[in-house]
Amino acid sequence: MADSKLIVTPAPHIRGNIDTPSLMRDVVIALLPACLAGVYFFGGKALISLVAGVAGCVGAEFVFERMSKKPVTIGDWSAVVTGLLIAMVLPPHVPAWIVVLSGVFAIGIVKLLFGGLGYNVFNPALAGRAFATAAWSALAATGYIWPASAQGAAWARGIDAVTSATPLTLLKMGEIGGTSMSRFYMPLFLGNVAGSLGETSALALLIGAVYLLWRTHISLRIPMSYIITVAVVTALYGQDPLFHVLSGGLILGAFFMATDYVTSPINAKGQVIFGIGCGVLTALIRLFGGYPEGVAYSILIMNAAVPMIDRFARPKRFGEVKARA
Amino acid sequence: MPRGSFRGGIHPPENKSSTSGLPIVAAQRPSKVVVLLNMGTGSALSSLVAKGDLVHKGQKIADPIGRFGVPSHSPVSGKVAAIGAVRTGLGTMDQAITIEPDGQDTLDESCVPVENADSLSPAEIVSIIREAGIVGMGGAQFPTHVKLTLPPNAKVDALLINGAECEPYLTADHRLMVERPEDVVRGTRILMKAIGVDRAVIGVEDNKPDAVEALQRAIASAAAAGTIDVVAVRTHYPQGSEKHLIKSVLGREVAPGCLPFSVGVVVNNVGTAVAVADRFDRGLPLIERVVTVTGSGVANPANIMMKVGTSAIELIEQCGGFVGDPGKIIFGGPMMGAAVPSAEAPTTRGTSGILVLDRAESRSFEPMPCIRCGRCVELCPMRLEPALLHQWSEARLWSEAEAYHALDCIECGVCSYECPSRRNLVQAIKYAKAEIGARRRAARERGDK
C-alpha cells in the first residue's frame with residue numbers, strides 16, 4: 001500500500017542555508033585581509049609561507065585519508081583554514097619546508113589522529129606552531145624581521161639594534177617601556193612592526209573579525225573576555241594595557257584561534273570562562289614567564305580544559321530561574 | 001528581550017503567501033473516510049458500530065477505552081464499509097472504521113445546539129467538550145477536556161488562545177481567524193467559563209495583521225473588550241509552542257517539567273475554540289477541520305474544510321493534483337510534521353496541513369561531523385545543549401541524556417534546521433526521550449512488584 005517512491009525522513013523537512021563547508025570558506029575570506037597585510041609588510045616570502053601552509057595541510061589531509069582508506073574531506077575547507085593559520089602564526093621568514101612540516105604535523109597528528117574534523121582536542125594550527133618552535137627554535141627565532149617601511153622611522157629610533165626582536169621581546173628585554181609606549185600604537189594597529197606573518201596588523205584582523213561577526217559565525221564572548229582580561233591584568237601590573245592588546249598575537253588569537261569551534265566551549269557561559277582563562281594565562285606568561293609572548297600556549301592550555309568547562313558551565317534551562325524563585 | 005518574544009528560535013522562510021489570501025473552501029465529497037480507533041496520544045477506542053451499519057453524520061461511532069480519550073463521530077452519513085487495520089500517516093497499522101458516504105449528509109439527531117450554555121457549570125461544559133471529541137487541533141491531538149480539568153489547588157487566571165501558527169506554509173488557523181473571528185471569540189468565552197477565568201488573550205504572530213484586526217472587531221461587537229485581548233507577537237519559530245507563547249504574551253516562564261497551569265494559564269488552539277463554538281451553537285462534534293494543502297508539489301494550493309479521515313490523495317486531487325514528481329507528503333508543517341509513507345494515508349483531527357514537496361526539495365543531507373559550533377545551543381528555545389544530547393543519545397548513555405535534560409525538549413527542530421553539519425539532532429533527542437521514558441516505566445513496574 002505504501003508508495004515506495006515517497007521519501008519518509010524525520011522532521012524537520014527543511015534546513016537552513018549555512019553548511020559547514022560554507023562556514024569554513026567564510027573563515028578563509030575573513031583571514032584574507034590579514035594575509036594580504038602580511039604580504040604587504042613582509043614581502044614575497046610571506047606569500048610563499050601562506051602557500052606552503054595550505055599545501056602542507058591540504059596535502060597531508062588528502063594523503064593520510066587516502067592511506068587510511070577513509071573518505072577524503074579536503075572539500076570542507078577546514079584544512080585550508082588550518083594551513084593559512086599556521087603560516088600566519090609563524091615568523092614571516094621561516095623556511096617554507098618548516099611551514100609545510102608544521103602543517104603535516106597539525107593535520108596528521110593533532111587533527112586526524114584524534115578522529116578528524118570535530119574530534120581534535122587542540123587547535124591544530126597552534127599545535128603546529130608549538131611543534132615548529134620546539135623543533136627548530138633557532139630557525140623560528142631568526143625568522144622575525146622588521147618591515148622595510150619601519151626601518152629608520154622616527155618612532156622606531158633606538159630599536160633597530162635588535163633586528164629580529166618583536167615589540168614584546170623588546171619589552172621583555174627592557175629595551176622599551178615606561179611612558180613612551182604610545183608611539184607604538186599606530187604602527188601596531190596598522191601592522192608596521194616585527195611579528196608573526198599574520199598577527200601584526202590589528203586593522204586587517206579586525207576587518208576579518210567584523211565579517212565573521214556580521215555573518216554570525218562567531219560571537220564577541222570569547223574575543224572580548226580574552227582581550228579585556230589581558231588589558232585588566234597588565235594594567236594592574238602597571239604596564240600599558242593598549243600596547244599589550246595591540247601587540248603580539250592577541251587580536252589574531254582572540255578572534256580566530258580561541259574562537260575555533262571544535263576546541264572551545266559550546267555554550268555562552270563556558271565561552272566567557274574560556275576567554276578569561278586565556279587572558280589570565282597570556283598576561284601571566286607575558287609578565288612573568290620565560291617567553292615574551294603567550295597567546296599560543298594559553299589557548300592550547302585552555303583547549304585541554306574545554307571538556308571540563310563544558311561539564312560545569314551549563315546554561316540555565318527555560319523556566320529554571322523562575323523555578324527557584 | 002522585547003515583549004512578544006523569547007530567547008532562541010529561528011525565522012525560516014514563511015512560504016504562506018500562496019494560501020494566506022485564499023478563503024476556506026468546502027471539500028468535495030470523499031469516496032470514503034477512515035476514522036482511526038487509536039488517538040495520536042496512544043489511547044485506543046472501541047467501535048460502537050459494525051460492518052454494514054448505516055450511520056448519520058455526527059453520530060458517535062467509537063468510545064474511548066480509558067479516561068484520557070475522547071469519542072469519535074462519523075464525519076459523514078453512509079455505510080460502515082469495513083472495520084479493520086489500515087496504514088496510518090505514521091506508517092503504523094491501526095484499527096479503523098471505514099465509512100462510505102451516501103452523499104446525503106443526514107445529521108444525527110444527537111447533534112443539537114446547547115440551549116442553556118450560560119447556565120451550565122464548568123464541569124458540564126467540560127463534559128460536553130469531551131463528548132464532542134474535541135482535541136488540541138494544533139497537531140498533538142491532546143484531549144481538550146484533560147487540559148480543562150485542573151487539579152483542585154491550581155490557581156488559573158488567564159486563558160491563552162494560540163493563534164501563532166508559526167509553522168511555515170500553514171494558513172489554516174490564519175483563515176479561521178480572518179473568516180470566523182466571531183466563532184473564535186464565542187469558543188474562547190465558553191472555554192473561559194469552563195476554567196472559571198475572566199481574562200483571555202489571543203496570541204497571533206504579527207505576520208497576520210488581518211487576523212488581529214478581524215479578531216479585534218469581533219471582540220468589540222461581542223462586547224468582550226476588556227476581558228478578551230488580542231496580542232500580536234513576533235513572527236518567530238517556535239512562537240506557537242505553548243510555553244513560548246505564554247512567555248511572549250504574559251511574560252511568564254513555565255518551570256521545567258511543569259504544565260502551563262503552574263503559572264496560572266491554560267492554552268488552547270484557535271481551531272479548538274472554533275470546534276467548541278461549533279458544538280455549542282451548531283450541535284456539531286469535531287468531524288471537520290481546516291487543512292492547508294500546499295507546497296511546490298501541489299497544482300493549486302488551498303485551505304479546505306475537510307471531513308476528518310479523508311485521504312491525503314483526495315484532498316490533493318481537489319487541488320489539481322501533483323505538479324511534477326512528489327518527493328514527500330507531510331502531515332503538518334515542515335518543521336514538526338510527519339512525512340507519510342503513502343498518499344492514501346487518512347487525515348486526523350490533528351492534520352493542520354498536507355504539504356507536498358517536490359523531489360528536489362525533498363533531498364536529504366549526509367550528516368557531517370559535529371564541529372561544536374554551538375548554533376544549536378545558542379538557538380534552542382528551551383536552552384538545552386542539543387549537540388551534547390545527540391552525543392549521549394548516539395552513545396546510548398541515557399542517564400547522561402537525562403542529566404542534560406532531554407525530557408525538556410519540545411521537539412521543535414530548530415537545532416536540526418540550523419546545524420551546519422546537517423546532523424539529525426532532534427531525532428536523536430526524541431530517541432533518547434523514548435528510551436528514558438521506557439526505562440522509567442520499567443523502573444516503576446519493578447518497584448510495584
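Modeller: Here is the sheet, strand by strand.

The model is predicted: local features need pLDDT of at least 70, side-chain atom pairs count only at pLDDT 80 or more, and totals for chains, interfaces and linings use all residues. Residues are numbered from 1 along each chain as its sequence is written, with chains lettered from A and ligands numbered from 1 in the order in which they are written.

The open sheet is in chain B and has four strands. Their order is β11-β10-β9-β12, and the pairing is parallel. Strands here are DSSP E runs of at least two residues, helices are H or I runs of at least four, and both are numbered from the N terminus. Two strands pair if DSSP finds at least two bridges between them.

The edges belong to β11 (228–233) and β12 (265–269) of chain B. Each has a single partner strand, so one side of each is left without a neighbour in the sheet. From one strand to the next, the twist averages 25°. Axes are lines fitted to C-alpha atoms, for helices over the stretch in contact, and angles run from 0 to 180 degrees between N-to-C directions.

Now β10 (residues 200–205) of chain B. Six bridges join β10(B) to β11(B), and the two run parallel. B:Glu205 has B:Val233 in β11(B) as its bridge partner.

A helix covers part of this sheet's strand set: α8 (residues 270–282) of chain B lies across β9 (158–163) and β12 of chain B. Helix α8(B) runs at about 80° to β12(B). Contact means C-beta atoms, placed from the backbone, within 7 Å.

Conventions:
Contact = placed C-beta atoms within 7 Å.
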